[in-house]
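Take a look at the model below. This short report walks through how its parts pack together.

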Amino acid sequence: MRYIAAYLLLQIGGNASPSADDVKKVLGAVGIEADDERLEKLISELSGKDVNGLIAEGSSKLSSVPSGGAAAASSGGAAAAGGAAAAEEKEEEKKAEEKEESDDDMGFGLFD
């Protein structure tokens with residue numbers, strides 16, 4: 001991922017076709033040593049391709065992947081149990097806040 005990020009940073013910076021040495025310089029600036037094999041594979045895969053087109057193509061593929069919301073809606077029993085647990089947590093938070101507020105009422109706090 002770091003190689004792709006460095007490659008994209010170079011493209012945003014105006015280098016339309018970053019080389020492996022360019023990517024190594026970017027990674028070296030932040031103290032990351034580049035793996036030559038992985039870097040060469042990335043450069044060979046991206047050579048001659050429009051990165052914006054690749055990103056758009058990948059985004060369209062990801063739009064068809066279901067996210068976690070659908071699974072939670074289909075398991076009604078688990079969602080109901082989760083809702084009860086969330087309500088209990090809120091009550092505990094309110095109690096904890098009340099204890100903190102009581103210290104302020106006495107005119108001093110723990111970190112004053």
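## Helix 1 against helix 2

Helix 1 and helix 2 are roughly perpendicular to each other. Their axes cross at roughly 105 degrees and come within 9 Å. Angles of 65 to 115 degrees count as roughly perpendicular, under 35 as roughly parallel, over 145 as roughly antiparallel, and the rest as oblique. The axes are lines fitted to C-alpha atoms, for helices over the stretch in contact, and the angles run from 0 to 180 degrees between N-to-C directions.

Which residues make the contact of helix 1 with helix 2? Helix 1 brings R2, Y3, A6, Y7 and L10, and helix 2 brings D22, V23, V26 and L27. Contact here means heavy atoms within 4.5 Å. By class, this contact has 7 nonpolar, no polar and 2 charged residues. Ala, Val, Leu, Ile, Met, Phe, Trp, Tyr, Cys and Pro count as nonpolar; Asp, Glu, Lys and Arg count as charged; the others, Gly among them, count as polar.

## The model and its limits

This is a predicted model: local features need pLDDT of at least 70, side-chain atom pairs count only at pLDDT 80 or more, and totals for chains, interfaces and linings use all residues. Residues are numbered from 1 along each chain as its sequence is written, and side-chain values use heavy atoms, with hydrogens and water left out.

## The whole protein

The protein has 6 helices and 0 strands. Along the sequence, the pattern reads α-α-α-α-α-α. Helices (H or I, at least four residues) and strands (E, at least two) are DSSP runs, numbered from the N terminus.

How many of the 112 residues count as buried? The share is 12%. Buried means under 20% relative accessible area, exposed means over 50%, and partly exposed lies in between (1.4 Å probe, protein chains only). The protein exposes about 8800 Å², and carbon and sulfur atoms supply 55% of that area. Take the contacts between residues at least 6 apart in sequence: 45% of them join residues at least 24 apart.

## Helix 1 against helix 3

Helix 1 spans residues 2-12, and helix 3 spans residues 36-46. They pack at an angle of about 50 degrees, with their axes 10 Å apart. Helix 1 and helix 3 are therefore oblique to each other. Y3, I4 and Y7 of helix 1 meet R38, L39, L42, I43 and L46 of helix 3. This contact has 7 nonpolar, no polar and 1 charged residues.

Now look at I4, in helix 1. Is I4 buried or partly exposed? I4 is partly exposed, with a relative accessible area of 37%. I4 and I43 are 39 residues apart along the chain, and their C-alpha atoms are separated by 9.4 Å.

## Helix 2 against helix 3

Helix 2 covers residues 20-29. It packs with helix 3 at an angle of about 125 degrees, with the axes 10 Å apart. That makes helix 2 oblique to helix 3. A20, V23 and K24 in helix 2 meet D36, L39, E40 and I43 in helix 3. The residues of this contact divide into 4 nonpolar, no polar and 3 charged.

## A residue in helix 4

N52 sits in helix 4, residues 51-62. N52 is exposed, with a relative accessible area of 58%. Where does L8 lie relative to N52? The two are 44 residues apart in sequence and 9.9 Å apart in space, C-alpha to C-alpha.

Technical notes
Areas by Shrake-Rupley, 256 points an atom, 1.4 Å probe, with all protein chains shown as cover.
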